[in-house]
Amino acid sequence: MTFSLELNEDQIQLQKWVHDFAENVVRPVAGEYDRKEETPWPVIEEAAKIGLYSFDFFANAFADETGLTIPVVMEELFWGDAGIGLAIVGSVLGVAGIMANGTPEQVMEWVPQCFGTPEKVALGAFCVSEPDAGSDVSSLRTKAVYDEAKDEWVLNGTKTWITNGGIADIHVVVATVDPTLGSRGQASFIVPPGTEGLSQGTKFSKMGIRASHTAEVVLDDVRVPGSLLLGGKEKLDDRMANARAGKKGGGQAAMATFEATRPSVGAQAIGIARAAYEYALQYALERKQFGKPIIENQSIAFMLADMKTELDAARLLVWRAAWMGRTGKTFEAAEGSMSKLKAGRTAVWITERAIQILGGAGYVDEHPVERWHRDSKIYDIFEGTEQIQQLVIARAISGIRIE
Ligand SMILES: Cc1cc2nc3c(=O)[nH]c(=O)nc-3n(C[C@H](O)[C@H](O)[C@H](O)COP(=O)(O)OP(=O)(O)OC[C@H]3O[C@@H](n4cnc5c(N)ncnc54)[C@H](O)[C@@H]3O)c2cc1C
């Protein structure tokens with residue numbers, strides 16, 4: 001097999017198609033949705049109409065053998081706008097939760113329902129974080145109790161910072177069945193549309209990605225049928241019995257899933273970083289001070305040289321990890337976490353430098369770079385903070401359980 005970093009013909013076409021959508025549909029309304037802090041329903045509906053927001057699209061993109069299609073799509077879409085980008089792909093978080101733990105039948109039944117149809121779009125949400133369980137997801141307090149007589153699970157608790165929380169049609173909720181067992185005592189449940197007892201709590205006002213809805217999800221005696229426990233009860237009972245007997249668990253499998261999904265989040269950050277780099281380059285070529293374009297000063301030109309170098313380095317880490325995930329390579333050094341760590345930091349740094357290059361113009365909302373800087377910061381925080389990525393990498397390279 002020959003080594004190549006070239007995208008294939010299908011990927012190049014897809015890249016162009018998503019780029020056109022980002023440029024013509026997303027960018028023109030990005031500032032408006034950031035200001036209004038509203039879910040961009042017309043954009044999501046348009047994405048559904050052209051087939052970008054659909055089960056088929058994501059199923060095909062994930063099936064690509066190189067692993068690069070998903071990062072390429074993410075980069076283009078988030079180049080358009082990260083808030084709107086997340087409003088479009090936020091459902092994929094719920095989808096990933098179903099795919100990671102569901103039986104094939106559950107996947108076939110529920111994943112398409114996270115997207116709906118072009119006539120009636122639907123949203124999915126993945127509800128893990130809680131007020132007292134953010135980075136430490138082993139300490140969830142949301143309880144799931146089995147009511148054997150009715151073959152139903154009863155969920156109680158509060159989830160926080162949930163993308164699409166309360167406005168989603170399908171909520172995938174992770175809850176604890178036996179808190180003494182940490183993560184191995186937890187299970188994921190589908191909460192279907194219109195289920196009684198699930199409601200939206202506070203909707204958060206955010207620094208960035210403001211077109212993406214983030215809210216608390218309150219679960220008050222939410223009852224779901226036994227069949228909505230992802231993976232089934234037998235598997236959960238076996239896992240808990242093994243944990244109680246002190247046998248080793250499937251932590252490795254969960255870690256491998258994270259490593260495989262983190263590059264797609266990194267690719268979103270790359271999209272923001274590229275937008276800011278391109279904008280700053282253009283500005284530096286056009287803006288004149290002291291009788292010449294500012295790019296003719298080395299301090300500006302070298303800044304842009306560094307920005308482009310960092311951008312490409314971060315993208316290469318993202319592509320490597322995406323390729324490793326898709327081709328089943330072992331993540332010896334937590335390469336997925338590495339890619340997300342680098343991409344998040346790079347996006348924050350490049351967007352900040354872009355503000356510097358624009359000077360005063362970078363600080364006001366007539367130009368999008370201040371928004372891109374605000375948007376970029378979330379990539380150091382969600383899907384595992386900067387420090388948690390460092391922890392995962394440090395443990396992988398040392399073999400020591402560093403705290
Ligand atoms: C906009 C947005 C959208 C989100 N969407 C979702 C979603 O859809 N679903 C969902 O479940 N969650 C979601 N989250 C939650 C997100 O995943 C958490 O915010 C994140 O995991 C961090 O948890 P925390 O905020 O409680 O921070 P904490 O865990 O309290 O961390 C605070 C600080 O301590 C550091 N820290 C914590 N533990 C350690 C340690 N062991 N070593 C070193 N440093 C440490 C962290 O790095 C951080 O700097 C979202 C959050 C935001 C802001």
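Because the model is predicted, local features need pLDDT of at least 70 and side-chain atom pairs count only at pLDDT 80 or more, while totals for chains, interfaces and linings use all residues. Residues are numbered from 1 along each chain as its sequence is written, and side-chain values use heavy atoms, with hydrogens and water left out.

**The ligand and its surroundings**

- The ligand has 19 residues around it, and those that come nearest are Phe 126, Ser 129, Ser 135, Thr 385 and Gln 387, where a residue is near a molecule or strand if one of its heavy atoms lies within 4 Å of it.
- By class, the shell around the ligand holds 10 nonpolar, seven polar and two charged residues; Ala, Val, Leu, Ile, Met, Phe, Trp, Tyr, Cys and Pro count as nonpolar, Asp, Glu, Lys and Arg as charged, and the others, Gly among them, as polar.
- Strand 3 (152-163) and helix 14 (386-398) each supply at least two residues of this shell, and the largest share, three residues, comes from strand 3; helices (H or I, at least four residues) and strands (E, at least two) are DSSP runs, numbered from the N terminus.
- An oxygen atom of the ligand lies 2.6 Å from a side-chain N or O atom of Thr 385, an oxygen atom of the ligand is likewise 2.6 Å from a side-chain N or O atom of Gln 387, and a nitrogen atom of the ligand is 2.9 Å from a backbone N or O atom of Trp 161.
- Taken alone, the ligand exposes 980 Å², of which the protein buries 66%, with accessible areas coming from the Shrake-Rupley method with a 1.4 Å probe and, for residues, only the protein chains shown counting as cover.

**Helix 5**

- Helix 5 (residues 82-89) is mostly covered, with eight of its eight residues buried, where buried means under 20% relative accessible area, exposed over 50%, and partly exposed in between (1.4 Å probe, protein chains only).

**Glu 259**

- Glu 259 lies in helix 9 (residues 251-286), and it counts as buried because its relative accessibility is 3%.
- Leaving aside residues up to four places away in sequence, Glu 259 touches Phe 331, Ala 334, Glu 335, Gly 336, Ser 337 and Val 392, a contact being heavy atoms within 4.5 Å.
- The side chains of Glu 259 and Ser 337 are joined by a polar contact of 2.6 Å, a term for a pair of N or O atoms within 3.5 Å in which, within protein, one must be able to donate a hydrogen and the other to accept it, and residues adjacent in sequence count only if both atoms are side-chain atoms.
- The side chain of Glu 259 also reaches the backbone nitrogen of Gly 336 at 2.7 Å.
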